[in-house]
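Thanks for coming, everyone. Please have a look at the model on the screen, and then I will walk you through it.

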Amino acid sequence: MSFVKGRLTDEQKTRIEANRQRALERLGKNKPSTLTSSSQKVQQTSTPNISSGNDNGKKQPSNEGLIKSFDQIRNSNMDPMSGAFNQSEQASKRPRIELTPEQRRRIDENRKRALEIQKEKHKNNREATKTYLDPVPVSNNVRLNKEKIAKPTEGGIKASIKKADYIEYDFATMKDTRGGFISLEDAPNPLSANTDSKTLEEWKERQKQQHVVRDLAPPLDISQAPKCYECSSLEIDPNLYLNFNQVRVCRPCQKKMPEKYSLLTKTECREDYLLTDPELKDTSLLPRIEKPNPHGFSRMQLFLRFQVEEFAWKKWGSSEGLDKEWERREAMRIQRRDKKYNEKITEMRKKTRAEEYTRKLRNGEALGERHVHDWSAPLAVPGDLHTVKRRCIDCGLETEEILM
């Protein structure tokens, strides 16, 4: 089949017509209403051009009719869109709904309320952006630019933001501490002789006042006054009464019975009564007093003996239970000590055995060979006629023999 430019054969025309009909049917299934009219127009416009033959000397067929038919089909597809635009124009021409007076009143109220809220926000923003600084006291050796210091406005309006909120270090009010060293202004005058002595005397007086135990106030009713446990005396010790849960005992009885009312240190409570540190720290269980420690810097804690014993008996059952626990711990301590000693002895023996093996290897002796002592001649012991000494020539072991 030959193809000439600008001319279509009969077979090509039939194929084009079949494809066109197939396309029109496909479009008719999707949009039958719009495609029927467009297909009729296309057939009317395209049929005269395609049906003309080449042999009759008429106008030669071209592709212009086919292209126009497809343009008409494409334009026909846009008709629904134009119909939608027409519907929107008709909808815009509908009569406008009038608002009732109640609806208009509510709209006006909402609009006024929104305007008030907006004005309040603008007012708060303007007050926050203004700066009202109070005059800062300036010392003699600090210079500031007076023009940059803002004065408070008239009317007494306070700043919405405080200066401390955005100033971390105010050098105008900061004091020079000389890096922690004593300044010459605050230091005492070394020329004055009474300065140090007066300060020392004041310190001693203050220490005395801190450690002084005041006497108890006299009772209003003597029959209800606190009395000593031992002798029923009214002159009880205020130190024990105030610091050890109102222990009522007089000073003579405290001196007569030290096995009950003496004071124990924290170390004695821990070692003699087998109490732990958490128990000794609990003031509700064991009250205490603190005094300066003569043997160190930490303060000394003192406990009352009979209170410590009561708590220890309650913990271990009785004094016999405390003794058994002490014996058990002592046996465990001795056992640990002996175990440690035996471990050291075993280690020493291992080192000695290693040295013996090394010596045997150095001398060319066998490792499994047993040593036989080569004793020297007996030597008399001066001052004892019945005792002689012998010594091994190889290992140096010495023995003493008694002559019968």
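Let me start with a definition. Two strands pair if DSSP finds at least two bridges between them. Helices (H or I, at least four residues) and strands (E, at least two) are DSSP runs, numbered from the N terminus.

Now the ground rules. This is a predicted model, so local features need pLDDT of at least 70 and side-chain atom pairs count only at pLDDT 80 or more, while totals for chains, interfaces and linings use all residues. Residues are numbered from 1 along each chain as its sequence is written, and side-chain values use heavy atoms, with hydrogens and water left out.

First, the overview. The protein has 14 helices and six strands. Of its 404 residues, 15% count as buried. Buried means under 20% relative accessible area, exposed over 50%, and partly exposed in between, with a 1.4 Å probe and protein chains only. The protein exposes about 34100 Å². Carbon and sulfur atoms supply 53% of that area. These areas come from the Shrake-Rupley method with a 1.4 Å probe; for residues, only the protein chains shown count as cover. Next, contacts, meaning heavy atoms within 4.5 Å. Take those between residues at least 6 apart in sequence: 41% of them join residues at least 24 apart.

On to the sheets. What is the order of the strands in the sheet that holds S1? It is S1-S3-S2, an open sheet of three strands with antiparallel pairing. S1 and strand S2 (289–291) stand at the edges. Each has a single partner strand, so one side of each has no neighbour in the sheet. From one strand to the next, the twist averages 40°. Angles here run from 0 to 180 degrees between N-to-C directions, and axes are lines fitted to C-alpha atoms, for helices over the stretch in contact. S1 and S3 pair over three bridges, in the antiparallel sense. Leu264 stands opposite Phe303 in S3.

Now the helix on this sheet. H13 lies across S1 and S3, and runs at about 75° to S3. H13 has 12 residues. From first C-alpha to last, H13 reaches 16 Å, close to the 16 Å expected at 1.5 Å a residue. That expected span is 1.5 Å times one less than the number of residues. Which residues of H13 are buried? They are Phe306, Gln307, Val308, Phe311 and Ala312. They pack against helix H10 (258–261), strand S1 (263–265), H11, helix H12 (277–281) and strand S3 (300–304). After H13 comes Gly317, with a positive phi near 95°.

Next, H14. This helix covers residues 319–363, which is 45 residues. H14 reaches 65 Å from its first C-alpha to its last, close to the 66 Å expected. Its buried residues are Gly321, Leu322, Glu325 and Lys360. Their cover includes helix H11 (266–272) and helix H13 (305–316). Just after H14, Gly364 takes a positive phi of about 80°.

Then the other sheet. It is open and has three strands, in the order S4-S5-S6, with antiparallel pairing. Strand S4 (379–381) and strand S6 (398–402) are the edge strands, and each pairs on one side only. The twist averages 35° from one strand to the next.

Take the strand pairs in turn. Three bridges join S4 to S5. Ala380 has Val388 in S5 as its bridge partner. The hairpin of S4 and S5 has two residues between the strands, and Gly383 there takes a positive phi near 90°. Strand S5 (residues 384–391) and S6 pair over five bridges, again antiparallel. Val388 is also bridged to Glu401 in S6. Arg390 has Thr399 in S6 as its bridge partner. S5 and S6 form a hairpin with six residues between them. In that turn, Gly396 has a positive phi of about 85°.

Last, the cysteines. A disulfide is a pair of cysteine sulfur atoms within 2.5 Å. How many disulfides does that rule give? The count is zero. Cys228 counts as buried, at 4% relative accessibility. Cys250 is buried too, at 3%.

That is the tour. Thank you.
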